[in-house]
Amino acid sequence: METGVASYAKGVLPRGISSREPPPPATPFPCSVPQVELAVRGVAQGVVIYILVEGREGRWGILPVTRCELGDSLEEFLSKATPDKGLIRLLVCMGEALRTISFKVRTASCGGTACVNTFGDEQLAVDLLADKLLFEALRYSHFCNYACSEEEPELQDMEGPAEGGFSVAFDPLDGSSIVDTNFTVGTIFGVWPGKALTGVTGRDQVAAAMGIYGPRTTYIIALKDCPGTHEFLLLDDGKWQHVKDTTSIGEGKMFSRGISEQPPTTLSTPRFLIDYYVREKYTLRYTGGMVPDVNQIIVKEKGIFTNVTSPTAKAKLRLLFEVAPLGFLVEKAGGHSSDGKQSVLDKVITTLDERTQVAYGSKNEIIRFEETMYGSSRLKAETAVGAAA
């Protein structure tokens with residue numbers, strides 16, 4: 001379903017369907033599987049899209065969904081993008097928390113506390129404040145079963161519904177160590193259905209998002225059954241406005257190199273990647289914050305981010321709190337992710353502290369990354385070409 005709608009939204013019509021034909025009437029549930037092509041016919045008129053949904057006993061139905069448009073408020077967008085009122089409520093409540101965190105990042109103390117979290121990272125006062133606000137937002141939503149924070153890596157009961165609901169993992173303030181230098185920082189979270197955050201994969205997420213606190217405050221959202229990754233801008237009146245959709249990530253000479261890698265002066269596989277980027281005159285855009293470095297790939301619709309391990313540099317990034325949610329955002333935007341051998345969304349999350357190396361970017365950049373690291377790439381259906389200027 002999702003692929004069909006995404007392709008149609010990009011102007012690729014299913015065979016036998018004319019863009020001049022009017023959209024079909026809403027088909028009552030159930031309907032037959034061959035009607036799948038009808039599910040995307042209305043996009044050409046810019047009025048409505050149809051999504052194919054699977055119901056009980058293998059029956060299928062088509063539901064009309066009003067098209068999301070730039071300029072929509074967050075609530076308007078979500079009401080069009082998903083019929084799940086619980087998910088809408090949760091994402092709106094998280095948006096309220098992000099708005100408050102944005103203000104607190106600009107005004108709260110950045111001094112180090114005496115606290116060290118379970119993973120051994122020093123916590124800052126603003127970390128703890130963001131952590132508290134996000135837990136409160138999830139509890140207030142009434143649709144979160146369990147939540148887990150990178151600062152408090154234990155499942156917390158959010159008193160969600162007896163049936164259904166979601167579980168959420170988040171990094172409350174990624175890049176908090178660079179707040180005092182006034183660099184951009186952000187919040188990352190992933191939403192899984194049910195009550196489990198282990199034994200699942202990133203592909204099981206129903207939504208993922210980033211809150212980005214820089215010169216502008218933005219809320220980047222991707223939903224499982226809605227094509228693309230979507231950017232919302234925090235306005236002066238405190239409302240979120242839909243300002244950008246990203247559905248493809250192409251080639252471009254821009255890279256961001258994570259700090260877990262060995263220095264390029266040593267003889268290492270990562271060095272060959274860096275040598276290639278330098279030789280091909282890529283632009284280095286690296287802030288030291290994962291959120292802004294990955295967000296630039298989505299906003300600029302090009303580039304690559306890498307955080308590579310080696311014998312002397314162990315994996316730093318946590319699959320549950322950072323890598324899987326960001327992988328979901330990048331792949332929904334039309335990009336790719338990799339741990340060197342597979343998409344990070346296909347990695348089973350076995351423990352809350354599981355860590356991994358990662359690369360995000362365009363298809364050809366990920367092919368190059370996998371081939372450089374391990375000699376072959378699962379994505380190489382055709383020969384990779386050089387990046388465009």
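User: Hi! How many helices and strands does the protein chain have?
Analyst: Hello! The secondary structure comes to eight helices and 21 strands. This is a predicted model, by the way.

User: And what share of the residues is buried?
Analyst: Buried residues make up 53% of the 389 in the protein chain.

User: Which contacts did you look at for sequence separation?
Analyst: Those between residues at least 6 apart in sequence; 59% of them join residues at least 24 apart.

User: Switching to H3, what is its reach from first C-alpha to last?
Analyst: Helix H3, residues 85-107, reaches 34 Å, close to the 33 Å expected for its 23 residues. At its start, a side-chain oxygen of Asp84 comes to within 3.0 Å of the backbone nitrogen of Gly86.

User: Why is H6 described as largely enclosed?
Analyst: Nine of the 11 residues of helix H6 (290-300) are buried, so the rest of the structure largely encloses it. Among them are Met290, Pro292, Asp293 and Ile298. Just after H6, Glu301 has a positive phi of about 60°.

User: Nice. How many cavities of 30 Å³ or more turn up?
Analyst: The search of the whole structure finds one, and the largest cavity has a volume of about 30 Å³.

User: Which elements line the largest cavity?
Analyst: Strand S12 (226-234), strand S13 (240-246) and H6 each supply at least two lining residues. S12 gives the largest share, three residues. The lining includes His230, Glu231, Lys244 and Ile298, and Ile298 is also one of the buried residues of H6.

How values were computed. Residues numbered from 1 in each chain as written. Predicted model: local features only at pLDDT ≥ 70, side-chain atom pairs only at ≥ 80, totals over all residues. Heavy atoms only, no water. Helix = DSSP H or I, 4+ residues; strand = E, 2+ residues; numbered from the N terminus. Expected span 1.5 Å × (residues − 1). Polar contact = N/O pair within 3.5 Å; in protein donor to acceptor, adjacent residues only side chain to side chain. Buried < 20%, exposed > 50% of the residue type's maximum accessible area, 1.4 Å probe, protein only. Contact = heavy atoms within 4.5 Å. 1 Å grid on protein atoms, 1.4 Å probe; cavity = no way out; pocket = protein on both sides within 12 Å on 5 of 7 lines; lining within 4 Å. Points joined across faces, edges and corners; volume = space filled by probe spheres on them.
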